[in-house]
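Good morning, and thank you for coming. Please look at it first.

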Amino acid sequence: MKKFTQHTGIAAPLDRSNVDTDMIIPKQFLKSIKRAGFGPNLFDELRYLDEGQPDQDCAGRPLNPDFVLNQSRYQGTSVLLARENFGCGSSREHAPWALDDFGIRVVIAPSFADIFYNNCFKNGLLPIVLPEAQVDELFKEVEATEGYQLTVDLERQVVVTASGEEFAFEVDGFRKHCLLNGLDDIGLTLQHADEIKAYEARRREAAPWLFDAIK
Amino acid sequence: MAGKTLYDKLWDDHLVRQNEDGSALIYIDRQILHEVTSPQAFEGLRLAGRKPWRIDANLATPDHNVPTTERSAGVDQIADPVSRIQVKTLDSNCDEFGITEFKMNDQRQGIVHVVGPEQGMTLPGTTVVCGDSHTSTHGAFGALAHGIGTSEVEHVLATQCLIAKKMKNMLVRVDGELGAGVTAKDVVLHIIGVIGTAGGTGHAIEFGGTAMRSISMEGRMTICNMAIEAGARVGLVAVDDTTIEYFRGRPFSPSEEQWDAAAAAWKQLVSDDDAQFDTVVEIKAEDIQPQVTWGTSPEMVAPVSALVPNPDAENDAVKADGIRRALQYMGLQADQKITDIKLDRVFIGSCTNSRIEDLRAAAEVVKGRKVADNVKQALVVPGSGLVKTQAEAEGLDKIFIEAGLEWREPGCSMCLAMNPDKLGQGEHCASTSNRNFEGRQGFGGRTHLVSPAMAAAAAVTGHFVDVRELMQ
């Protein structure tokens, strides 16, 4: 997995709550059997005026000028500011894949849906929860200044504003460790293979009906 | 020491390792795979040279992409080439890794969350995961079940474990008796209306109370299915005799020799009387009316007798803005009657409501009636081949066809419109599915979530109507 240590980049404000994963990447693009290439279809229904199709070249499609990421001042955005319950709905990991492929490294919101939040960490993308008042303040600052950049320091667990103000955030210790070092979960888990086998043997003893039944 | 909740018990039973940093390894008894969220996981295994840890913990079936029209010629008959490749990829991955799969035209094929319990793959006391957020469905059986992403699908295939952190406990207690015509779907929509679409975030929700005990397994599945629409990855219902009886004689259920031991273990799967919940929500069954969603989030829901809300009456500016945006997308006016909303299409199906009981409830309403002229299409999509066979044995297919509804092959269908079943731009649909998000059922489509009986009533009248008026 891609490492995440520190990042500085242009921030864009996506000012709506309950942004669901259908909105982040609509279903027709989930037919791909690949992990990459979802970036051009990130927020497809908000971003374009027509209905997108899989494998279509998006270069000639009509853009929605009202959509924040289409505005010239937000080109090159890598930090997305969002509202409450970001990433609700479907478990599709295509949502963080699309954000990542587009170039987003950080999403900051007052709250995230659980599955999306979890999926981000598997893909080197950092979701940051800040109190609503701080998110509001960031929205105001970003909207007020063209080219506004935020810095995120995962080691120190702070978001640093353009004026140098710091907002601390919480992150689970294990997830932080994996992101900082770009570690592969599966490899880590397999270090405990003996414990898994021991558990499995106890389980087979206690609930034998759960073994060798599906064939 | 306080007693344990059902969730606490399930968690403790599956704990392989607790790390000092709060993360844990939990053992996964069952994984269900489908074509959309598994290809990248299998590819990951191949690239790393890994094999599945335990083949017999997995079951696969294609559901999201499959056509629901005549498909006897098999996968090559799937018109959309991208969908066809995805279904074929599931088939070849399962063949390569030796995983049991019910392929598209196997009679046991269907929606993953219908198939798992139907086969006795899901059992009380198990952990069940699937790359699909509606895996919460399986919690109806006292199983710890939740949706996961594709990286985790790969992780479970490779290690039979998940890295997890314990959730908080929430109890939603529904006490009293449900009125006639009020179904499990109305119960869960009402709950989501009360606690909100993020009300259960970070929690496992146990649905309890006296009303839950009289709800069938199908109904309990409908309720747990939509726990995720309240933000909770996990929904749970305590095991009782109804749960245990459900599994007698199912293909992957315990054998006769194992049955008594299994049933005895399952009976322990209830929250202790003195268990502590972080949050408790109390709901009176008598307060629940047939529900209809009017907006673009499942929490935007109201009784069928209500008016569409007025954003000007909302004090919270963000919420008022959300209502305005939703009304604009849905093409509705503030303060209009919900019963004045006209329907273009009706969809009866999905992992929420495509089981035999759902089809019976819909058939009872449409029997002897005809689909209204303004309804262009009314689809009935059974949840599995076995549900379809059962419904046909009961003559339900004939009732639907005579009333002018279409009787289809099993799959996810118009719930998320990955196959050809979809809404046109601006069309209103009475849908028994679980999400009314913008574009969910088709680009620009307008979804109203309802129970099967309410969808059937809407089909024959052409607009929303309190199904109880048709039942008199």
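In this predicted model, helix α12 of chain B, residues 356-366, packs against helix α15 of chain B, residues 452-461. Their axes are 8 Å apart and form an angle of about 30 degrees. Angles under 35 degrees count as roughly parallel, so α12(B) is roughly parallel to α15(B). The crossing of α12(B) past α15(B) is right-handed.

Which residues make the contact? From α12(B) come Asp358(B), Ala361(B), Ala362(B), Val365(B) and Val366(B). Among those that α15(B) supplies are Pro452(B), Ala453(B) and Val460(B). By class, the contact has 11 nonpolar residues, one charged residue and no polar ones.

I turn now to the two chains. Here 64 residues of chain B are in contact with 51 residues of chain A. Several elements of chain B each supply at least two residues to the side that touches chain A, including β1, α3 and α11. The largest share, six residues, comes from α5(B). That side of chain B has 25 nonpolar, 28 polar and 11 charged residues.

Finally, let us consider helix α6 of chain A, residues 173-181. Its buried residues include Phe174(A), Arg175(A), Cys178(A) and Leu179(A). They lie on the same side of α6(A), because they cover an arc of only 130 degrees around the axis. The elements covering them include α4, β4 and α7 of chain A. On the face turned away from this buried side, Gly173(A) and Asn181(A) are exposed. After α6(A) comes Gly182(A), with a positive phi near 60 degrees.

Notes: Residues are numbered from 1 along each chain as its sequence is written. Chains are lettered from A and ligands numbered from 1 in the order in which they are written. This is a predicted model: local features need pLDDT of at least 70, side-chain atom pairs count only at pLDDT 80 or more; totals for chains, interfaces and linings use all residues. A residue is buried if 20 or more other C-beta atoms lie within 10 Å of its own, exposed if 12 or fewer, and partly exposed in between; C-beta atoms are placed from the backbone. Helices (H or I, at least four residues) and strands (E, at least two) are DSSP runs, numbered from the N terminus. The arc is that of the directions from the helix axis to the C-beta atoms. Two residues are in contact if their C-beta atoms, placed from the backbone, lie within 7 Å. Ala, Val, Leu, Ile, Met, Phe, Trp, Tyr, Cys and Pro count as nonpolar, Asp, Glu, Lys and Arg as charged, and the others, Gly among them, as polar. Axes are lines fitted to C-alpha atoms, for helices over the stretch in contact, and angles run from 0 to 180 degrees between N-to-C directions. Angles under 35 degrees count as roughly parallel, over 145 as roughly antiparallel, 65 to 115 as roughly perpendicular and the rest as oblique. A crossing is left-handed if the near helix is turned anticlockwise from the far one by less than a right angle, and right-handed if clockwise.
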